[in-house]
Amino acid sequence: MTTDASDAVEMRDALLRLRRGTGLPIAFGGLLEAGQQMRISELSGTATHALRSLVVTSGTGLGGKTVALSRPCVVTDYSASRQISHEYDAPVAAEGLRSVLAVPVVVRHRVRGVLYGALRTALPLGGRMLDAAVEAARDVERALVVRDEARTLVAGVGDGAGAGPGWEQVREAHAALRALAGRITDPELRAELLGACALLTAESGGSARVRLAPREVDVLACVAAGATNAVAADRLGVTPETVKGYLRSAMRKLRARTRGEAVVAARRAGWLP
């Protein structure tokens, strides 16, 4: 599994959210690179570089145990714990860590990485801290799912997936990805995802003739995928009345009398695949 710069940005943001949500002063983590090995690539609040680029193998140490079991693991005193193996005691001691929690990042039933939070004192890490760490990991999982879908779509279009039954799947995925983009707070990730969506359309050509707002395109994409107003509202996180408003506005701009005509006109204008 390869990682890129955007994955690193998402990990850094997740570590900051983990620290804010748990109150833990130290957080670090990384994604699996190959097989069952993970490299710690991102540090937040650390005093040394002892943990940077540390390679953790499945089953070893706290993080490796988390990878192997695919569930959160916690130790109150890392160096004295009998629940884990101790291959990484030296770098952990160099950073002065005592209480540590590790939470897996799981995508489609596969562990893709681990987030850690830590204290320099041997104190219990309670359920609230663990819940906040799990939520930070869920944010990374959602971002990775979005990226995986976008990469698959772009690769599929490049391989000629625009013909036959597969094109309807592209349209459905386009609608789902636009809906996800609207819920992403990271501007770089959102821009990356919308850029991938644009590769599935002729948007640059259509925008010169008909100007549609992003939410109007989102609603039309849902309608094109067969969603009712209620379903579109649920996907986009708005009310059905808001969906109706965007749809009416888009229909007016596209000079369409019905939802179906609006979808056809949006495709001709290059806004939809």
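Ser53 lies in the loop that connects strand 3 (42–44) with strand 4 (55–57); helices (H or I, at least four residues) and strands (E, at least two) are DSSP runs, numbered from the N terminus. The phi angle of Ser53 is near 70°, a positive value in a residue other than glycine. With a relative accessibility of 41%, Ser53 counts as partly exposed, the classes being buried for under 20% relative accessible area, exposed for over 50%, and partly exposed in between (1.4 Å probe, protein chains only). The model is predicted, and local features need pLDDT of at least 70, side-chain atom pairs count only at pLDDT 80 or more, while totals for chains, interfaces and linings use all residues. Residues are numbered from 1 along each chain as its sequence is written, and side-chain values use heavy atoms, with hydrogens and water left out.

A positive phi of about 70° is also found at His109, which is not a glycine. His109 belongs to the loop between strand 6 (100–107) and strand 7 (110–118). Its relative accessibility of 82% places His109 in the exposed class.

Strand 1 (residues 26–34) is mostly covered, as 7 of its 9 residues are buried. Strand 1 pairs with strand 7 in the antiparallel sense over 6 bridges, where two strands pair if DSSP finds at least two bridges between them. In this pairing, Ala27 stands opposite Gly117 of strand 7. Strand 1 is also joined to strand 3 by 3 bridges, again in the antiparallel sense, with Gly29 standing opposite Glu42 of strand 3. A further antiparallel pairing, over 2 bridges, links strand 1 with strand 2 (residues 37–39); here Gln37 of strand 2 is the bridge partner of Ala34. In a regular strand the side chains alternate between the two faces of the sheet.

At 0% relative accessibility, Ala14 counts as buried. Leaving aside residues up to four places away in sequence, Ala14 touches Leu115, Ala136 and Val140, contact being defined as heavy atoms within 4.5 Å. Ala14 and Ala27 are 13 residues apart in sequence, and their C-alpha atoms are 9.3 Å apart in space.

The largest pocket has a volume of about 280 Å³. On a 1 Å grid over the protein atoms alone, a pocket is an open set of points where a 1.4 Å probe fits, with protein on both sides within 12 Å along at least five of seven lines, and lining residues have an atom within 4 Å of a point. Grid points are joined across faces, edges and corners, and the volume is the space filled by probe spheres set on the points. The largest pocket is lined by 13 residues, of which Asp139, Arg142, Arg183, Ile184 and Thr185 are the closest to its centre. Helix 1 (5–22) and helix 4 (127–158) each supply at least two residues of this lining, and the largest share, 4 residues, comes from helix 4. By residue class, the lining divides into 5 nonpolar, 1 polar and 7 charged residues; Ala, Val, Leu, Ile, Met, Phe, Trp, Tyr, Cys and Pro count as nonpolar, Asp, Glu, Lys and Arg as charged, and the others, Gly among them, as polar.

Charged side chains also meet in salt bridges. A search of the whole structure finds 11 salt bridges, each defined as a side-chain nitrogen of Lys or Arg within 4 Å of a carboxyl oxygen of Asp or Glu. One of them joins Glu33 to Arg39, with the closest N and O atoms 3.2 Å apart. Both partners count as partly exposed, Glu33 at 34% relative accessibility and Arg39 at 30%.

Asp77 and Arg98 form a salt bridge at 2.9 Å, N to O. This pair links distant parts of the chain, 21 residues apart: Asp77 is in the loop between strand 5 (73–75) and helix 3 (89–95), and Arg98 in the loop between helix 3 and strand 6. Arg98 counts as partly exposed, at 32% relative accessibility.

The side chains of Lys253 and Glu216 meet in a salt bridge of 3.0 Å, N to O. Because Lys253 lies in helix 10 (residues 240–254) and Glu216 in helix 8 (residues 214–224), the pair ties together parts that are 37 residues apart in sequence. Lys253 is partly exposed, with a relative accessible area of 36%, whereas Glu216 is buried, with 4%. Finally, Arg178, Arg215 and Asp218 are linked in a network of salt bridges.
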